Amino acid sequence: MIFGKEIQFQTKGFSDIVNISDQVRDIRNESGITNGIISISVIGSTASVTTIEYEPSLVEDMQELLEKLASVNMVSRHSKTWGDDNGFSHLRASLMGPSITVPINKSKMVLGTWQQIIVIDHDNRPRNRKIFVQIVGD
Amino acid sequence: MIFGKEIQFQTKGFSDIVNISDQVRDIRNESGITNGIISISVIGSTASVTTIEYEPSLVEDMQELLEKLASVNMVSRHSKTWGDDNGFSHLRASLMGPSITVPINKSKMVLGTWQQIIVIDHDNRPRNRKIFVQIVGD
Amino acid sequence: MIFGKEIQFQTKGFSDIVNISDQVRDIRNESGITNGIISISVIGSTASVTTIEYEPSLVEDMQELLEKLASVNMVSRHSKTWGDDNGFSHLRASLMGPSITVPINKSKMVLGTWQQIIVIDHDNRPRNRKIFVQIVGD
């Protein structure tokens with residue numbers, strides 16, 4: 001059995017971190033799939049999917065780490081060539097990766113208590129961001 | 001066909017690197033699935049899954065790189081707020097990601113000779129760590 | 001339904017970035033699978049899979065970031081022990097991860113317009129690199 005759905009939301013960009021755990025859980029519920037794999041993938045090349053303990057101070061720590069790794073103010077060939085100033089966004093996105101998988105066991109997503117599914121939108125402007133959630137199982 | 005199993009083991013924390021290739025292979029054998037995808041996911045927000053050539057000197061190099069990226073001694077808002085001193089653990093975990101997928105082809109995991117499946121436990125104390133291995137295939 | 005295929009190509013190493021989107025799309029077409037998940041995994045411990053806007057200036061920016069994170073000239077225990085000088089290759093590969101998943105919806109891979117599937121070969125020499133593409137769906 002395959003069940004897929006797109007989710008959409010607004011972000012502020014600049015590695016804005018959005019907790020999508022509830023939306024993914026809703027899609028699981030709607031699917032009725034009791035055992036399988038959920039693939040969560042971002043559409044676009046300036047955002048990432050991962051998990052985190054979603055609480056405000058850690059969200060800021062994560063953004064600070066990303067600023068250290070690839071600064072908003074970095075000089076990039078991409079920004080120079082295309083004039084869109086988001087070279088850092090692309091680099092952060094490719095480094096962290098566009099997708100994760102989460103198991104479903106006995107109708108529940110297998111995650112820790114303090115582990116939320118997040119999208120990090122690295123782009124340098126507010127975006128309407130789209131994520132595709134695909135479930136394979138039975 | 002879906003086959004899933006949790007594996008558990010003790011870690012020392014501080015980006016302790018554990019080779020779980022044999023356990024994952026055993027679960028594949030037990031499943032009898034000949035072609036498909038294995039999803040290997042960590043339960044919790046302070047550990048990661050990836051692959052590496054698992055040999056002692058590279059294990060130390062990896063730990064040194066993680067120390068460079070997000071030091072045990074870093075000042076983090078998370079540690080200050082919650083007093084648990086493991087901000088660096090969360091950052092390392094979210095950066096590296098909680099899951100990978102490995103294909104199964106003709107009853108074998110498709111991996112290189114020097115490529116082992118590892119869990120890196122970034123937490124700042126010994127842990128009883130749980131991993132969920134979910135196989136989808138036929 | 002399961003459909004899998006290996007793809008092979010030559011790389012230059014040193015984080016050479018190869019766009020494999022067309023090959024993955026061809027495998028999807030050949031499979032006839034209309035809805036499901038594609039798992040794209042590298043065979044070996046010195047390469048990674050991710051997505052990027054594949055254009056020459058960003059490719060160079062990405063290589064520069066990787067050089068900053070784990071330099072070709074770094075001193076590594078792995079290189080010292082084994083004499084193969086590719087400690088940095090292993091570290092880049094494990095940090096970025098060996099696999100991603102891409103959904104298939106209505107016979108199409110769900111990706112952004114500027115989002116290509118890439119392999120980064122971090123090894124320190126030209127390689128004949130192998131990738132396994134496994135599709136699960138119906």
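Strands are DSSP runs of E with at least two residues, numbered from the N terminus, while helices are DSSP runs of H or I with at least four residues. The structure is a predicted model, in which local features need pLDDT of at least 70, side-chain atom pairs count only at pLDDT 80 or more, and totals for chains, interfaces and linings use all residues. Residues are numbered from 1 along each chain as its sequence is written, and chains are lettered from A and ligands numbered from 1 in the order in which they are written.

Most residues other than glycine have a negative phi. C:Phe14, although not a glycine, has a positive phi of about 55°. This residue, C:Phe14, is located in the loop between strand 1 (2-11) and strand 2 (16-19) of chain C. With 19 other C-beta atoms within 10 Å, C:Phe14 is partly exposed. A residue is buried if 20 or more other C-beta atoms lie within 10 Å of its own, exposed if 12 or fewer, and partly exposed in between, with C-beta atoms placed from the backbone.

A positive phi, of about 70°, is also found at B:Ser107, which is not a glycine. The loop between strand 5 (99-105) and strand 6 (108-109) of chain B contains B:Ser107. B:Ser107 is exposed, as 12 other C-beta atoms lie within 10 Å.

In chain A, three strands form an open antiparallel sheet in the order 2-7-4; two strands pair if DSSP finds at least two bridges between them. Strand 2 (16-19) and strand 4 (47-52) of chain A are the edge strands, each pairing on one side only. Strand 2 of chain A pairs with strand 7 (residues 116-121) of chain A in the antiparallel sense over four bridges. The bridge partner of A:Val18 in strand 7 of chain A is A:Val119.
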